[in-house]
Amino acid sequence: MVECQGTRHKEYAVILAMVVIAFDLVFRKTTSTPLLVLINLVSLGAILYSAFSVVRHADVFAHRLGEPYGSLILSLSVVILEVSLITAVMTSGVSAAENGGVSPYATLMRDTLYSLIMLVISGFVGVSLLLGWRKFRTQHVNLAGVTQYLTAIIPLVFIVLILPSVLPGNDTLPKGSYSTGQLFVVAFLSAVLYAVFLIIQTKTHQNIFIYEHEDQDEDHEGVPSPRSNLWHGVWLIIHLISVVAITKVDSMPLETLLGNLNAPQALTGLIVAILIFAPEGLGAIRAVLANDLQRAINMYFGSVLATISLTVPAVVIISVLTNNTIVLGLEMVDMMLLVGIFMLCQATFASGRTNQVDGVAHLVIFGAYLMMVMS
């Protein structure tokens, strides 16, 4: 198997993906709960392995280009993974026609976006702040950069997840849904806001996304590799295809297993969010342990912003082409948790310094989120 000379990495994820796909195809129609658990655990491992490989190759580009381009590339890799996973699941299983005109995955994008926000901003950020305190006591972050991220994220969350909650629905649209025309307007607004944000991040205000005392690496050679960008780009695409293929094949066993267990529907969104962000999340934690909290924050908030901005237009187009309805409006309890975590972010990063109280506070809200998902 191909190995990148000078590193310990080999592309075994491709072989594992092919074996798992064959295994899933043989047993995907089973209704046995123990076998379904095994199928999904094996698929989960293969998906994570391939996803880690995607981010590993993206990380080479990230370190070669430096900040803020590095965090941007990693964020975009997460978006590609998310759109691919959501599309694979949305186009599998029971169709809208078979389910009374509404796809059983009509809320999948909503649940995934909401879960990703809570997983990243409350879960991963909380763990990172605690780990940073344990090793360094106090860490620093550029407050201006955090503020810009929140300034862009909050209006997107409002128009994508909160505003449709007040829409009553009608004979053709379920409650919490935009019309087709409104969906295209929301998609356009999301894309425009992200385009403007990219201008300040990469052109006009790069300095606010860098904490000067932590950004000492001028040559950005953090990931050694003698291979060319083309080589890494090809392997990134191959591993991405592996993720999509495994997810597509595993969608039926996952749906059957969740049905057998009477699991809450929102759990699917959390599972997808974990799958797409776990590799980059662990990379961000490594940055925290290297006392580079600014890079970790760029990865966390950048992923959330890019995911909302780019997933919405992509999934809107896919839903229109496949004639699937999208339900975006959150329930009241979910909206309250979102308001709480964004208020906490303002308090956490207001001074530009963090400690253990900040980390515990974020994890408290994450605990409340998990409690509501499982209830």
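How many aromatic pairs does the structure hold?

Tutor: In this predicted model, the structure holds 10 aromatic pairs. One of them joins Phe 124 and Tyr 300, whose ring centres are 6.2 Å apart and whose planes meet at 40 degrees, so this pair is classed as tilted. Because Phe 124 belongs to helix H4 (residues 108-136) and Tyr 300 to helix H9 (residues 293-322), the pair ties together parts that are 176 residues apart in sequence. Buried here requires a relative accessible area under 20%, so Phe 124, at 15% relative accessibility, counts as buried, and Tyr 300, with a relative accessible area of 1%, is buried too.

A tilted aromatic pair is also formed by Tyr 149 and Phe 197, with 5.2 Å from centre to centre and 40 degrees between the planes. This pair links distant parts of the chain, with Tyr 149 in helix H5 (residues 143-162) and Phe 197 in helix H6 (residues 180-204), 48 residues apart. Tyr 149 is buried at a relative accessible area of 0%, and Phe 197 is buried at 5%. Ring pairs extend this contact into a cluster made up of Tyr 149, Phe 197, Phe 301 and Phe 349.

Charged groups also meet ring faces: Arg 137 lies over the face of Trp 133, at 5.0 Å from the ring centre, while the charged end of Arg 227 sits over the ring of Trp 231, 4.8 Å from its centre.

Key
Residues numbered from 1 in each chain as written. Predicted model: local features only at pLDDT ≥ 70, side-chain atom pairs only at ≥ 80, totals over all residues. Heavy atoms only, no water. Phe/Tyr/Trp six-rings, centres within 6.5 Å; stacked < 30°, edge-to-face > 60°. Helix = DSSP H or I, 4+ residues; strand = E, 2+ residues; numbered from the N terminus. Buried < 20%, exposed > 50% of the residue type's maximum accessible area, 1.4 Å probe, protein only. Lys NZ or Arg CZ within 6 Å of the ring centre and 35° of its normal.
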